[in-house]
Amino acid sequence: MNIEAVLQWIRGPGLSLSLGIFIFGILLKLLEIFLLGRRKNLAAVRSSGVAAGFRTIFSRSLPPEGNILRRPPFVFIFGYAFHIGLFVVILFLAPHIQVAQSLLGLSWPSLPTPVVDVFAVIALIALMALLWYRLTSPLMKYLTTAQDYLVWALTFIPLLSGYMAYHHLLLPYTWLLAIHIASVELLLVLFPFTKLTHAFTLFISRWYTGMMAGQKGVQS
Amino acid sequence: MKNDPSLLDILRQQGVSRRGFLKFCAATASLMALPPGMAPVIAKALEQARRPSVIWLSFQECTGCTESLTRSHAPTLEGLIFDAISLDYHHTLQAASGTAAEEARKTAMEENRGKYLLVVDGSIPTGNAGYSTIAGISNLDMLKEVAAGAAAIIAVGTCAAFGGLPHASPNPTGAVAVSDIITDKPIVNVSGCPPIPVVITGVLAHFLTFGSLPELDHLGRPMAFYGNNIHDRCYRRPFYERGQFAESFDDEGAKKGWCLYKLGCKGPVTYNACATTKWNNGTSFPIESGHGCLGCSEPNFWDMGGFYNALSEPSKGTGNALGWGVAAGAALGAASGLMARREKDHASRSHQQVTVDDLKREESP
């Protein structure tokens with residue numbers, strides 16, 4: 001068994017398997033949430049709450065009441081830096097778009113690799129800064145569980161291995177490509193069963209909160 | 001052997017000047033990533049070198065490797081070096097046939113036991129011995145017999161180095177590489193389909209000069225030629241960086257010579273010297289002709305997920321696993337959700353109202 005054969009497995013059966021588990025898990029979690037149902041609201045509603053729901057999805061992304069200092073600025077700034085960096089890297093690197101095209105048939109223009117590279121570095125630095133914050137802030141230490149470190153590593157390793165593959169650091173490209181794709185597959189497998197599901201549930205819960213507040217006629 | 005002319009004598013006879021010879025030595029030294037001071041050493045060694053006996057065995061192969069090494073560049077120095085070894089057995093090139101040919105092999109083996117070089121092209125079938133035989137001898141038996149007395153083995157071409165096309169799925173003949181069978185001799189894998197001519201002459205020159213084999217990578221290939229990947233040395237690399245890709249073989253991007261990554265180029269995972277030494281006397285290499293790299297110098301390149309699928313694309317249909325994922329996720333999710341709902345209904349049905357009296361009763365001793 002050489003690395004070329006390993007890469008073949010990772011690009012073929014390994015990818016199918018992890019994507020299958022990912023979709024299985026996400027559907028399982030979402031259906032569990034949706035089918036649970038909600039208690040019937042007996043009060044007369046002020047409005048349907050739909051508009052308020054969408055407003056809340058947006059407004060919760062902004063600094064509270066326009067004042068960034070009301071949330072820990074460290075988390076706010078690096079949290080955004082990480083997520084923006086991550087999305088640019090995932091969505092605008094040509095080889096990644098190629099994956100989307102082969103899986104979904106969708107394609108869009110890519111960004112030049114040096115630009116993507118900058119965003120990858122931003123995301124990596126932000127992730128490390130957030131880990132440092134988690135390790136040093138007494139409040140964060142109190143709230144942190146082992147799973148938080150797990151999901152940090154699950155996110156960090158694909159970014160780092162992709163960055164290293166592109167720059168030929170430490171290992172030959174073939175090895176790093178195999179490690180990169182394998183780490184993404186591990187991320188996909190564990191995604192539905194960890195806090196990473198926030199990518200799917202975040203906007204649903206924001207919308208629901210906003211809708212409930214809207215029906216009651218209060219600000220959310 | 002004693003009466004054989006030296007390599008330089010042969011080159012002189014063929015009209016090669018000393019200057020031309022030294023230029024070749026310098027080029028070989030730089031190709032092999034040796035310090036410039038090594039060029040005179042190579043020249044001296046080659047001048048004095050007696051023609052080493054080379055036995056060339058062809059197993060499950062297409063003769064493309066022999067074509068590559070001998071035919072395309074007849075008057076070059078590389079070609080002469082190739083003539084200048086004592087090629088005692090090569091059943092495509094030798095005049096003798098039948099018993100006479102096999103006798104030549106036996107004689108060469110006996111006279112040069114422990115000193116001859118064995119060159120192998122083609123993979124070895126391990127299934128039915130009858131899949132490939134020479135003079136009634138199976139490839140497996142012949143390889144073992146000849147390898148036993150060889151100083152070193154050069155596996156020329158991807159078939160001999162890694163199994164190549166015969167090894168491709170489903171591998172009906174049970175084809176394997178030389179290194180899968182011979183484990184007690186130094187083996188150099190000169191992979192490629194076919195390999196670059198200068199790579200084998202470089203390896204030969206290294207063997208003649210130092211009496212040893214060049215530094216090899218993890219797949220047994222000479223580092224000097226297989227140290228860099230095609231992608232890093234490709235003249236189209238700037239287009240990759242800028243995100244300018246040919247989307248089909250006849251679109252505007254293809255005409256402008258943009259990157260062929262999306263058309264399945266395997267340059268990023270292919271380690272070979274094509275982009276620097278090029279082919280046909282330095283004319284060009286496949287990417288320069290508008291076609292992506294197939295990755296022919298890598299193991300299992302026939303099964304690397306399709307020649308025209310981009311490297312990042314899944315190499316197998318993902319449909320089945322995704323379908324199962326959707327079906328199982330929907331079914332289990334629905335079941336789990338409904339069970340939770342039932343539990344909730346049950347809880348609300350069996351919920352008992354707590355009155356102020358109940359609470360007061362609990363407080364009393």
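Helices here (H or I, at least four residues) and strands (E, at least two) are DSSP runs, numbered from the N terminus. With that in hand, welcome to chain A, whose elements run α-α-α-α-α-α-α-α-α from the N terminus on. This is a predicted model, in which local features need pLDDT of at least 70, side-chain atom pairs count only at pLDDT 80 or more, and totals for chains, interfaces and linings use all residues. Residues are numbered from 1 along each chain as its sequence is written, while chains are lettered from A and ligands numbered from 1 in the order in which they are written.

**Chain A as a whole**

- The secondary structure of chain A amounts to nine helices and zero strands.
- Along the principal axes, the C-alpha atoms of chain A fill a box of roughly 65 × 40 × 35 Å.
- Chain A has 220 residues, and 30% of them count as buried; a residue is buried if 20 or more other C-beta atoms, placed from the backbone, lie within 10 Å of its own.
- Two residues are in contact if their C-beta atoms, placed from the backbone, lie within 7 Å. Among contacts in chain A between residues at least 6 apart in sequence, 76% join residues at least 24 apart.

**Two helix pairs in chain A**

- Two packed helices are described by the angle between their axes and the distance between the axes. Axes are lines fitted to C-alpha atoms, for helices over the stretch in contact, and angles run from 0 to 180 degrees between N-to-C directions.
- Take helix H7 (residues 146-167) and helix H8 (residues 173-190) of chain A: their axes come within 8 Å and cross at roughly 160 degrees. H7(A) is therefore roughly antiparallel to H8(A), a word used for angles over 145 degrees.
- Residues of H7(A) in this contact include Leu154(A), Ile157(A) and Pro158(A), and among those they meet in H8(A) are Leu176(A), His180(A) and Leu187(A). By class, the contact of H7(A) with H8(A) has 13 nonpolar, five polar and no charged residues. Ala, Val, Leu, Ile, Met, Phe, Trp, Tyr, Cys and Pro count as nonpolar, Asp, Glu, Lys and Arg as charged, and the others, Gly among them, as polar.
- Helix H2 (residues 50-59) and helix H9 (residues 198-216) of chain A have axes that come within 7 Å and cross at roughly 135 degrees.
- The contact of H2(A) with H9(A) divides into ten nonpolar, five polar and two charged residues.

**Where the chains meet**

- The contact between the chains takes 41 residues from chain A and 40 residues from chain B.
- On the side of chain B that touches chain A, helix H14 (237-242) and helix H17 (319-349) each supply at least two residues. H17(B) gives the most, with 17 residues.
- That side of chain B holds 19 nonpolar, 13 polar and eight charged residues.

**An annotated site in chain B**

- An unreviewed UniProt entry gives the annotation "binding site" to Cys274(B), Cys293(B) and Cys296(B). They are spread over 23 residues of sequence but cluster in space, with a largest C-alpha distance of 10.8 Å.
- UniProt positions are given in the numbering used here, feature names are shortened, and annotations may be inferred rather than shown by experiment.
- Cys274(B) lies in helix H16 (residues 274-277) of chain B, and counts as buried because it has 24 C-beta neighbours inside 10 Å.
- Cys293(B) lies in the loop between H16 and H17 of chain B, and is buried, with 27 other C-beta atoms within 10 Å.

Methods: Parallel < 35°, antiparallel > 145°, perpendicular 65-115°, else oblique. Buried ≥ 20, exposed ≤ 12 C-beta atoms within 10 Å, placed from the backbone.
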